[in-house]
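This report covers one chain-to-chain interface, one chain fold and a set of local sites. The structure comes before the text.

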Amino acid sequence: MKKRTKHQRKQDRELFLLCLPTTIKTLIFAYIPMVGIYMAFVDYKPSRGVFGSEFVGLDNFRYLFQSIDAQRIFSNTIFYNVLFIILGTIVSVTLALLLFEINNKVALKVVQTSFFLPYFISWILVSVILQSLLDSTGLLTNFIYSITGTKISFYTTPGYWRLIIVLVYLWKSAGVSAIIFYATLISCDKSIYEAAEIDGASRWQKMLYISIPYLKRMIIITGIMSGSNILRSDLGLFFYPTQDIANLYPTTDVIDTYIWRILRKSGEFKVGTAVGLVQGVVGLGLTLLANKIIKKVEPSAALF
Amino acid sequence: MKKFCLALVMVLSVFAFMGCDNKEDDVFTIEYYYIMSGTFVPTDLAKVQDEINEILIEKIDAKVNLHPISAWSYDERLNIIINASDYFDICYTSSWTNNYFRNVSKEAYYDITDIVAEYAPNLYQAIDPLIYDSITIDERLYGVINLQVLPRTAGYTVEKESWDAYCLETGFSADMVQDYTDIEGYLAYVLENDPDAYNILVPFDPAGIVIGLGFDNIYGMQYPGSISVTDDPSDGITVVNQFATDDYRDLFRTAVEWYEKGYINEDVLTEAADYTLAYSWMMSTWKPGAEAEEFKRSGNREMLCIPFSDSVMYNNWTGSNINAISTNSKNPEKCLEFLDLLYTDKEMYNMLVFGLEGDHYTKDGTRENYITAVENTNYSFADVGWQFSNQFNSYLTEYQDENVWEDTKTINENAEFSPIMGFVFDYSEVELELANCYTVYNEYINSLLYGIFGTGFETQYNKFLQKLEIAGVNSILEEMQNQLDAWLASK
Amino acid sequence: MTKIKLKKFVGNTPIYIPLLIFTLFCVVPFVVVISGSFSDNASVVSNGVRLVPQVFSLTAYKVIFAFFSKITRAYGVAIFVTVIGTVLNLVIMVPFAFAISKREFTFGSKLTFLIYFTVMFSGGLIPTYILIKRYLGLYDTVWVLILPLLASPAYIVLLRVFFQSVPKALYESAAIDGASEFQQLIHVGIPLALPGIAAIAFFSMLMYWNDPYTAIIYIEDSELFPIQILLTQMTQYINYIKSNASASGGLISSPADIPTTTILFALGIVASGPMIFVFSFFQKYFIKGLTAGSIKE
């Protein structure tokens with residue numbers, strides 16, 4: 001560690017104190033149980049405990065890697081996550097920029113509140129609403145039938161669901177993410193905008209050359225954080241809208257839904273722990289890689 | 001820095017002691033976990049529990065702490081309790097919830113082989129030893145089986161009014177239903193007279209069809225590998241992939257036909273069956289007095305229950321109603337005594353199931369053994385009364401025939417045993433293949449049962465079988481056959 | 001005059017139209033939920049939900065409010081947990097995020113890594129359960145609903161970004177005036193990062209309010225169920241009855257008179273209603289221009 005001045009040490013001490021409560025909480029609630037990850041390598045028998053159970057090496061990982069659906073769940077998981085990161089960011093940033101242009105207080109309140117509304121609708125409700133649109137008497141089904149004369153059976157055709165899932169995802173989270181970007185925008189220094197205005201910059205120029213660069217750090221950080229969970233998925237998103245209908249698995253089954261089903265049937269936590277470990281290792285690898293690259297390009301946006 | 005470490009240790013130790021329970025209980029308390037069908041624990045549970053404990057202390061010098069858990073979260077809760085090695089004494093376990101065999105392999109249950117006959121004699125002797133064999137692993141026993149209707153019989157529940165009208169018109173009658181296809185005439189009749197009905201037949205029930213077709217599953221109904229109950233051991237018994245048999249193929253085809261004809265709701269995939277509107281459904285546990293339960297399930301309509309398969313003691317189902325004791329239990333003998341008491345003591349059984357006389361129910365003045373529930377009482381475990389050692393102890397309610405327990409006992413005595421009754425399959429060598437087969441089963445079964453594949457049926461059905469092959473069904477069948485042959489040879 | 005107004009209006013349409021579309025996209029389903037909650041079950045089951053109830057009915061709400069005393073209790077628990085939880089959460093997260101936002105802080109990146117590592121790796125349910133129940137004794141207490149959820153690394157990292165946008169010069173000038181790090185946080189950091197803190201505060205409230213898991217696992221006493229769990233229980237119960245009657249081999253049967261679908265909508269409204277009102281309180285922090293660059297030492 002580089003030599004610290006007395007002043008530096010004082011500053012460090014004060015700052016560390018500010019960090020203490022969070023650190024303690026994390027050590028207790030997250031790091032102490034973390035030793036339980038070892039369960040991924042044993043044939044866990046509760047009465048013997050994690051460390052007393054028989055070591056089985058990589059046996060528990062077979063359920064994931066030698067699963068008959070392994071290829072499908074991996075490709076679906078990665079496909080959706082990459083798409084969510086890219087599309088999600090584009091849509092949320094756009095919404096935030098648009099929101100930033102609104103000066104009317106009433107309009108602002110209305111729009112902001114509406115951004116949050118989808119967040120309040122639980123996934124179970126989402127599945128019911130979706131059903132009203134897509135089942136055989138559904139609004140959308142009838143609409144399409146009246147125009148084209150074909151009756152689409154949404155719940156038995158996996159092909160449509162990539163689009164449906166993406167739309168549902170954006171509906172639920174784009175607004176909420178937009179608020180984060182919006183909060184970033186409004187905490188910036190207004191004088192730059194005023195100076196640009198004086199220089200005759202149009203609205204679009206201001207957006208492109210001031211706002212977006214200002215959001216760069218937040219975009220990169222949220223991108224990296226999503227990357228850490230590249231093999232994870234929101235169970236609610238994939239399980240409820242599809243109602244766990246097996247016909248849709250080819251395009252909607254992801255690692256987490258697959259493992260959840262296995263766990264529900266067998267109750268074998270050792271498998272769940274093994275999968276969690278895989279997800280964590282891949283996530284960590286990706287995060288460190290991304291972090292290294294960002295450090296060279298835009299150091300202030302690096303995670304650590 | 002040092003000061004903070006000290007403070008940290010002090011804070012942590014406070015938390016550590018918070019969990020300590022220092023009260024000494026003079027009487028052993030049994031922590032009993034079981035299923036209830038409602039959402040909320042009955043408000044009077046503590047009161048009833050106190051009454052029960054008065055009897056218990058007197059008879060076996062112990063107390064019980066009741067933990068009824070909603071059926072929908074039972075699996076989840078018990079999963080955590082068992083995997084975290086939490087303390088419990090007795091829990092309900094079976095093949096369809098809180099899986100008995102899995103938990104035995106996790107060493108979660110107490111080995112009662114040597115103590116069961118001494119401490120739970122009545123309960124233990126009530127069930128045929130052959131049935132106990134079906135839950136005995138490596139010659140050790142880990143749970144006691146509850147007494148209720150034991151054989152399984154597939155049947156149909158139909159709406160009585162329309163059924164009577166149909167029979168009147170066509171001369172058909174209930175005993176002419178010998179097979180699952182025999183109600184087609186009735187279904188057509190209903191459709192003709194009520195074209196808007198959208199749930200004439202609730203789609204085939206996976207348990208019902210297994211029993212209806214007479215297959216005894218070796219590992220579970222969601223897995224390939226079963227034998228036919230009509231197999232004769234002297235001819236040798238072949239383990240088959242039941243999904244690939246003609247019986248199943250024909251059944252799935254029938255489902256497709258019936259779906260096309262409109263007997264099954266078009267939106268069956270997304271809309272759960274509404275039993276209060278449906279005209280008919282298959283049942284996997286026909287029993288005397290089923291009408292009473294179906295009356296409630298159907299939304300208070302009078303129904304008729306028609307059995308169509310033979311009553312057979314299935315290896316997969318019969319023994320699967322078990323109370324097990326935890327390996328960590330501090331007094332397994334007392335737990336067995338408690339379960340035995342539930343078997344013999346009719347008063348205590350009914351107290352547990354129906355509550356306290358006056359508070360929760362009133363005895364019928366004219367008919368012996370009949371009771372009526374007090375209006376708006378929320379105390380009743382009647383619909384899960386089969387968990388408590390001996391359902392024949394139960395008082396009768398309005399729609400049950402007075403001979404219902406006698407009739408059930410008769411069925412119990414006369415039913416045939418499956419040729420593999422008592423066989424326990426050791427699945428450890430094929431765990432991955434079984435998990436993969438389960439995945440495949442799960443993916444196709446609903447579509448096949450509901451008959452929604454339409455013209456694509458042949459292709460999809462073959463795909464299903466192919467995928468089972470890739471998942472390793474042949475290794476599973478081979479392993480099952482080897483173990484079965486060895487077991488048969490040893491008898 | 002009108003020409004300019006018209007031009008401004010037209011110029012604004014590329015802004016307003018996409019926003020309008022997205023706003024409708026968000027609001028319409030919510031209206032549908034409200035409509036569904038006031039519908040009778042049969043029409044919803046056969047035709048699906050519509051924007052306006054096909055047949056008006058209060059049955060769903062009546063069924064829910066038959067459990068009125070339980071519901072008020074559950075609201076109470078949820079409010080306590082959410083308020084105390086969020087306050088506690090801010091108290092421990094904000095200083096941490098402030099500290100790690102300072103580049104000079106020697107331990108900054110190490111501490112960030114320490115907390116972020118837990119996002120990717122976790123002991124899992126069983127070890128955590130054993131810790132919480134057996135060693136910390138938090139089982140069946142209200143604190144188990146609060147403590148484990150504190151200090152979410154994602155929120156901390158987001159807060160850090162907000163603190164990073166505070167100009168270093170402001171901290172330095174405060175330091176020159178003799179301010180300690182803590183004072184810098186209070187007088188410089190927080191006021192300037194306020195929109196971000198408000199956003200995270202609101203997310204934190206949502207997290208506590210919507211938490212569907214903790215109580216199911218760690219609470220047995222139904223007096224301690226927060227509203228979300230109570231309603232999840234009712235929902236799950238309905239779903240279970242619908243789908244599992246068969247798996248038990250016919251041993252479990254279903255009740256007849258619950259309006260199974262509309263009750264889900266009513267439950268949704270009952271569960272989320274309060275949060276919407278809370279959000280309007282937070283909105284004042286999101287009005288542009290409130291805090292930007294206003295504090296100059």
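## Terms and basis

A residue is called buried when its relative accessible area is under 20%, exposed when that value is over 50%, and partly exposed in between, using a 1.4 Å probe and protein chains only.

The model is predicted, and local features need pLDDT of at least 70, side-chain atom pairs count only at pLDDT 80 or more, and totals for chains, interfaces and linings use all residues. Residues are numbered from 1 along each chain as its sequence is written, chains are lettered from A and ligands numbered from 1 in the order in which they are written, and side-chain values use heavy atoms, with hydrogens and water left out.

## Interface between chains A and C

Contact is defined as heavy atoms within 4.5 Å. Chain A puts 97 residues into the contact and chain C puts in 98 residues. Buried area is the accessible area (1.4 Å probe) that two parts lose on being put together, summed over both. For chain A and chain C this area is about 8600 Å², and carbon and sulfur atoms give 75% of it. L18(A), F29(A) and F120(A) supply 8% of what chain A buries against chain C, more than any other three residues.

A salt bridge requires a side-chain nitrogen of Lys or Arg within 4 Å of a carboxyl oxygen of Asp or Glu; the count between chain A and chain C is zero. A polar contact is a pair of N or O atoms within 3.5 Å; within protein, one must be able to donate a hydrogen and the other to accept it, and residues adjacent in sequence count only if both atoms are side-chain atoms. Between chain A and chain C, 15 residue pairs are in polar contact, with both residues at pLDDT 80 or more. Helices (H or I, at least four residues) and strands (E, at least two) are DSSP runs, numbered from the N terminus. Elements giving two or more residues to the side of chain A that touches chain C include α1 (6-34), α4 (70-100) and α14 (269-297) of chain A. The largest share of that side, 20 residues, comes from α1(A). By class, the side has 62 nonpolar, 24 polar and 11 charged residues, where Ala, Val, Leu, Ile, Met, Phe, Trp, Tyr, Cys and Pro count as nonpolar, Asp, Glu, Lys and Arg as charged, and the others, Gly among them, as polar.

## Helix α6 of chain C

Helix α6 (residues 125-135) of chain C has as its buried residues I126(C), P127(C), T128(C), Y129(C), I130(C), L131(C) and I132(C). These pack against α1, β1 (42-45) and α14 of chain A, α3 (71-83) of chain B, and α11 (214-218) of chain C. After α6(C) comes G137(C), with a positive phi near 60 degrees.

## Fold of chain B

Chain B contains 18 helices and 16 strands. Its radius of gyration, taken over C-alpha atoms, is 25 Å, close to the 23 Å that the globule rule gives for 491 residues, so chain B is as compact as a globular protein of that length. The rule is 2.2 Å times the number of residues to the power 0.38.

Along the principal axes, the C-alpha atoms of chain B fill a box of roughly 80 × 60 × 55 Å. Of the 491 residues in chain B, 59% are buried. Among its contacts between residues at least 6 apart in sequence, 76% join residues at least 24 apart.

S447(B) is found in helix α16 (residues 431-450) of chain B and is buried, with a relative accessible area of 1%. Leaving aside neighbours within four places in sequence, S447(B) is in contact with N247(A), I452(B) and F453(B). The side chains of S447(B) and N247(A) are joined by a polar contact of 2.9 Å. S447(B) is 195 residues from F252(B) in sequence and 9.3 Å from it in space, C-alpha to C-alpha.

Q481(B), in helix α18 (residues 473-489) of chain B, counts as buried at 17% relative accessibility. A polar atom of the Q481(B) side chain lies 2.8 Å from the backbone nitrogen of V239(B). In strand β9 (residues 226-228) of chain B, the side chain of S228(B) makes a polar contact of 2.9 Å with that of T230(B).

Q243(A) is a residue other than glycine with a positive phi, near 55 degrees. Q243(A) sits in the loop between α11 (235-239) and α12 (249-252) of chain A, and is partly exposed, with a relative accessible area of 22%.

E139(B), also not a glycine, has a positive phi of about 65 degrees. The loop that holds E139(B) lies between β4 (136-137) and β5 (140-141) of chain B, and E139(B) is exposed, with a relative accessible area of 68%.
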